[in-house]
Amino acid sequence: MHGLFAESLTKQYFAESPNCRFGSPCTQTDMESLTNLLQNHHQQIAALILEPIVQGAGGMRFYSADYLARARKLCDRYQVLLIADEIATGFGRSGKMFACEHAAVTPDIMCIGKALTGGYMSLAATLTTSEVSQTIDQGDPGVFMHGPTFMANPLACAVSLASILLLDDSNWQDRVNHIEQVLDAQLSHCIDFSQVNDVRVLGAIGVIELHQAVDMKSITEQFVDAGVWVRPFGKLVYLMPPFIINDSDLTKLCQVVSEVVGNIPD
């Protein structure tokens, strides 16, 4: 997508994906790409944008909290803002309210959405530190004035508030931990399938990574015929079930995924 506008957009820099897995420390070699990038180009880079702990469309990778903590320190060293995209991971999905908490870091800017309203209405928000907010707002008439048509939609804001209060008043931590245990117990055997490269679980996220990209039309039809809705992409079959899912539905979901994946031709 970025390539379509290469002649119009300001040059962007991309660091290599971290190879250190969640739960493991990362080495200096793991940090080399990002370190070199910031060291050589920090004068041209305003901010580092990343999805904390869980890379979503980038491959559903779960990477080390140590990497995120070191990335925060690098941003501080080179005076580059850290922007955390918590749209997929926010509000408990990774086992913490926000995935940044796994590394005990605070981003300068955080993007949230999706679970912000529990999926009932479209709403997103951008959170910033006081320093960033004051820099944006100070000045006459304002350094950065932003007022889109649907900004602060009252109905969406009310739905968001209700959703957050329901989450905060619930035992969501226990539910996510339970979902994690079930996903791990019922998907881990898929690693024995010859067509499967990796199986990983974190919080209420389960991922089966295959060696080859799936046939989207065929596999989607098989899931629907079996009574579940799963949206794979590329080599990935992944699950992000709702926190309120009951054990019966979660077990069926895992069983169907296991059966369909197990029947994919090598």
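Trainee: How many bridges join strand β7 to β8, and in which sense do the two strands run?

Mentor: Strands are DSSP runs of E with at least two residues, helices are runs of H or I with at least four, and both are numbered from the N terminus; two strands pair if DSSP finds at least two bridges between them. Here six bridges join β7 (residues 196-202) to β8, and the two run antiparallel. This is a predicted model, in which local features need pLDDT of at least 70 and side-chain atom pairs count only at pLDDT 80 or more, while totals for chains, interfaces and linings use all residues. Residues are numbered from 1 along each chain as its sequence is written, and side-chain values use heavy atoms, with hydrogens and water left out.

Trainee: Which residue takes a positive phi in the hairpin of β7 and β8?

Mentor: Glycine 203 does, with a phi near 55°, in a hairpin that has two residues between the strands.

Trainee: With which strand does β8 pair over four bridges, and which residues stand opposite isoleucine 208?

Mentor: β8 also pairs in the antiparallel sense with β9 (residues 236-239), over four bridges. Isoleucine 208 of β8 is the bridge partner of valine 199, and it also stands opposite valine 237 in β9.

Trainee: Is β8 mostly covered or mostly open?

Mentor: Buried means under 20% relative accessible area, with a 1.4 Å probe and protein chains only. In β8 (residues 205-210), five of the six residues are buried, which leaves the strand mostly covered.

Trainee: How should I read the crossing of helices α1 and α2?

Mentor: Axes are lines fitted to C-alpha atoms over the stretch in contact, and angles run from 0 to 180 degrees between N-to-C directions. The axes of α1 (residues 28-41) and α2 (residues 65-77) come within 11 Å and cross at roughly 25°, and the helices are therefore roughly parallel to each other (angles under 35 degrees). Their crossing is right-handed, that is, the near helix is turned clockwise from the far one by less than a right angle. Contact (heavy atoms within 4.5 Å) involves residues including Met31, Leu34 and Leu38 of α1 and Ala71 and Leu74 of α2.

Trainee: Where do α5 and α7 meet, and at what angle do they cross?

Mentor: The axes of α5 (residues 172-187) and α7 (residues 247-262) come within 10 Å and cross at roughly 30°, which makes α5 roughly parallel to α7. This crossing is right-handed, and the residues that meet include Ile179, Val182 and Leu183 in α5 and Leu250, Cys254 and Val257 in α7.

Methods. Parallel < 35°, antiparallel > 145°, perpendicular 65-115°, else oblique. Buried < 20%, exposed > 50% of the residue type's maximum accessible area, 1.4 Å probe, protein only.
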